[in-house]
Amino acid sequence: MTLSVDIQLGLDSFTLNTRFDAPDGVTVLFGRSGSGKTSVVKSIAGLLTPDSGRIVQGDRVLFDADARTNVPVHKRRLGYVFQDSRMFPHLTVRQNLEYARRVTGRGVVRTEEVADLLGISHLLDRRTHGLSGGEGQRVAIGRAILSEPDMLLMDEPLASLDTQRKAEILPYLETLRRETGLSILYVTHNMAEVARLATHIVLMEDGQVVRSGAPETLLTDPDMVRVFGIRDAGAVLSAHVVAQPEDGVSELAVSGGRLFLPTIDAPVGADLRVRILAQDVILSKTRPEGLSALNILPVRVVAVRRGDGPGVIVQMQAGEDLLLARITRRSADAMGIHEGTDCFAVMKSVAVAQTDIAVGLQAGG
Amino acid sequence: MIGWLGPDEWQAVFLSLKVSFWATLGSLPFGLLCAMALARGQFAGREVLNWLVHLPLVLPPVVTGYLLLLTFGRRGPVGAFLNDTFGITLAFQWTGAALAAAIMAFPLMVRAMRLAIEAVDPKLEEAAATLGATRLRVFTTVTLPLILPGIIAGVVLAFAKAMGEFGATITFVSNIPGETRTVPSAIYAFLQVPGGEAAALRLVTVAVAIAIGALILSEWLSRRVAKRIAGK
């Protein structure tokens, strides 16, 4: 069930001219604020009507300007989670969750099951006005899921929350993705959320899609560093827990070698994603010795991208994965780094980007 | 209590209650519709409608009454039509008094409801629509429960205004005992005859009691509903 969008819509400051496909999984619509992301999602949900174009979800045409098809909002069967939780203030949490069933009469009540999944079971009989931002957002997610949508649209669902509340909800989103298998279109401009959730990325600028593709490709493309931001640029690798020794340092296998991280709360055999920021990678021509850093992978330089500033972005192949490193131009010149150079990537820190535990674990350095 | 008021006075009180009840009930759906249109509608004649709704508030009541007589009188364009087609006469009937009261109370009713509707966040209605609610269901399950305090306030205000309506009523339907002599008209009539002060004063007491009772009832109802809506 893929979502296919091709719409044009004149807005105040620019014209939206957006075309992309969102395959199964979590498609992240990424772009700066004001790049038209919300207008795209609203158009998909039917809250905005594009001037022209087509929106198809699975085998259902939701909008087709030429054929004059415009399925009304309530018949689109797309769950929408907004930036603000939009709780109905006159209803309890349970009544909010069961609202879709009340107005449509369809579906089986799975309130308890979903509440359990989102950790809001203890709130069911509460009124909504005392809910914290994080709780409200989880109820909003549950309410959208219980409407049994064909797809979930999430428009910066965590943007209004502080870092701690974000960390509180992210694991639930991952569980959701795993347990329900529901396709999600997720709007954000937060790199941590991208690294953690995305299985496909669509990049928007000024109402247009500039790039789209798998996170492995897009996140390690030197040209994209400018878009994701120099501090947030970095690779996301699939890892596999191979050992959990006594000394508290977990051993992870990636395609290019082994990584060692302080104990990860995941059993041997678990799959997870790790995020390695470009600014946390040091390059060395020889295998470094007498270094406290544990994580060293042999790499081959694929591309060196010089920008306007003193830094260069080096793209490297590590096994089947691509890595990025940000080093100074002076170092690059002194070390003679160019396409095809074999060297070693030393990682000052590796963050676990996706598992059931919190983000931001620092590797032994 | 029954012996305290004379039969004429009772008649006036009951008539006033009947007229105000039907005036309020009859104008409620139109009031709600107008309030919705003014609060949310985007159409060409919105300003004109706003203007029309507020007209009875600024026109001298006698003028409104006379315009009603011209329009709904037996020979008036609407009055003649109603009479010929449905056999309904409004002039000099209690139904006419109800119409006059309804029109005079209309601006107050619409104002209260409009304020309540404007206070409802349209984002909630958007959310309801994405959850599968048709426009009608959105209205009955989200909008209506949230504006209920405003509706109650509008109804009570309209009822109180209808109870006190005098100028338009007496101009349109005169002051016929048992038919159009409401409490204000009765007070006016009693004051015109020597020795009528006592009866007038008794009716004044009743009018004050009903007004205060209505205010207390509306306060209590609004507070109850507001509490439920605020989710406390």
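Me: How many residue pairs are in polar contact across the interface of chain B and chain A?

Reply: A polar contact is a pair of N or O atoms within 3.5 Å, where within protein one must be able to donate a hydrogen and the other to accept it, and residues adjacent in sequence count only if both atoms are side-chain atoms. Across the interface of chain B and chain A the rule finds five such residue pairs, both residues being at pLDDT 80 or more. This is a predicted model, in which local features need pLDDT of at least 70, side-chain atom pairs count only at pLDDT 80 or more, and totals for chains, interfaces and linings use all residues. Residues are numbered from 1 along each chain as its sequence is written, chains are lettered from A and ligands numbered from 1 in the order in which they are written, and side-chain values use heavy atoms, with hydrogens and water left out.

Me: Which salt bridge can I look at here?

Reply: A salt bridge is a side-chain nitrogen of Lys or Arg within 4 Å of a carboxyl oxygen of Asp or Glu. The rule finds two across this interface, one of them joining B:Glu126 to A:Arg86, with the closest N and O atoms 2.9 Å apart.

Me: How many residues are in contact on each side?

Reply: Contact means heavy atoms within 4.5 Å, and by that rule 22 residues of chain B meet 23 residues of chain A.
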